[in-house]
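Thanks, everyone, for making the time.

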Amino acid sequence: MADVGVAGALRARLRPYRAVLASRARSQSSYRASFALDLGSSLLVGVVELAEIWVLFHSVTELGGLDFAQILLVFGLADLCFSLADMSFGHCDNLPTYLRAGTLDVFYLRPQPLLLQLITSDISLRRLARAAVGGVALGVGLAANDIAWSPAHVLLLAVAIVSGYAMFAGMFVWAGGAQFFLVEGAETTNAFVYGGRYAATQPASVWNRPLWAVFGFFFPMAFTAFLPALWLLGLEPPYGLPDWLAWCAPLAAAWTWLLASTSWRIGVRHYQGGGG
């Protein structure tokens, strides 16, 4: 009975957020022509990014020890996770606009956590088209490679998708917290958020050691797709790294959210209002 009561209370607390997200989704899909154009443009962006990989492999047969089918697996896994995180957390990019206009203060008038309000303030359904590109690339990559499937392989794939989504979502929150200080410096954080997405879709075996320090461990983008893909393919990681690092993706996600929560808390404490 206690569990039922807790579940009911949780549903009641989340009901306003579900209502807001549902209204946002209806508003985006009500204008069908505009919504179709948004989906088409987002799909085109995803296809162009995938075509970049295809064009590259018309000049080389391997990159970082991986062939086209193996790179497709890395790309699909990273792109799917990023697109889903971008759909649900990407509008944290709007925070500098709220800060400059002073409209962030409106969020403080509501008795809900500021970050949860920001996350549920919008949802970008057009990102579903990009997620579809990543999903198709992942499916083709899994089918094209000779993977010795076992329960451990299925479990790792599921863990990698959930952890990759969490890592990219944490990157958006980290960047949002930094905007309380930068305001006009969104491009600085974009270099790590969107640059991290690009790094995650590439073979990390071509990175030098400074890049490994930044996108391998501090912002652990190598854990979103590259290291799990190597384990699925039965390949050894570069620089003598152990193959069990692929199973550390949840720890990498926890580290990313530690950075994100620290950045967000410091940023919120620094904020003094819009001054209006």
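Predicted model: local features only at pLDDT ≥ 70, side-chain atom pairs only at ≥ 80, totals over all residues.

The axes of helix α3, residues 68-89, and helix α11, residues 226-233, come within 9 Å of one another and cross at roughly 135°, which makes α3 oblique to α11. The crossing in which α3 passes α11 is right-handed. On the α3 side the contact is made by Gln70, Leu73, Val74 and Leu77, and on the α11 side by Phe226, Pro228, Ala229 and Leu233. Sorted by class, this contact of α3 with α11 has seven nonpolar residues and one polar residue, with no charged residues.

Turning now to the core: which residues touch the most other members of the largest nonpolar core? That core has 71 residues, and the ones in question are Leu104, Trp212, Leu227 and Trp264. Helix α8, residues 151-182, gives the most to this core, contributing 13 residues. If we leave aside neighbours within four places in sequence, Trp264 is in contact with Leu95, Leu114, Leu115, Leu118, Val173, Gly176, Gly177 and Phe180.

Finally, consider Ala199, which is placed in helix α9, residues 186-200. Is Ala199 buried or exposed? Its relative accessibility is 9%, and because the cut-off for buried is under 20%, Ala199 counts as buried. Not counting residues up to four places away in sequence, Ala199 touches Trp207 and Phe215. Ala199 and Ala78 are 121 residues apart in sequence, yet their C-alpha atoms are 9.3 Å apart in space.

Technical notes
Residues numbered from 1 in each chain as written. Heavy atoms only, no water. Core = buried A, V, L, I, M, F, W, Y, C linked by side-chain atoms within 4.5 Å. Buried < 20%, exposed > 50% of the residue type's maximum accessible area, 1.4 Å probe, protein only. Helix = DSSP H or I, 4+ residues; strand = E, 2+ residues; numbered from the N terminus. Contact = heavy atoms within 4.5 Å. Axes fitted to C-alpha atoms, helices over the stretch in contact; angles between N-to-C directions. Parallel < 35°, antiparallel > 145°, perpendicular 65-115°, else oblique. Left-handed = near helix turned anticlockwise from the far one by under 90°. Nonpolar A, V, L, I, M, F, W, Y, C, P; charged D, E, K, R; others polar.
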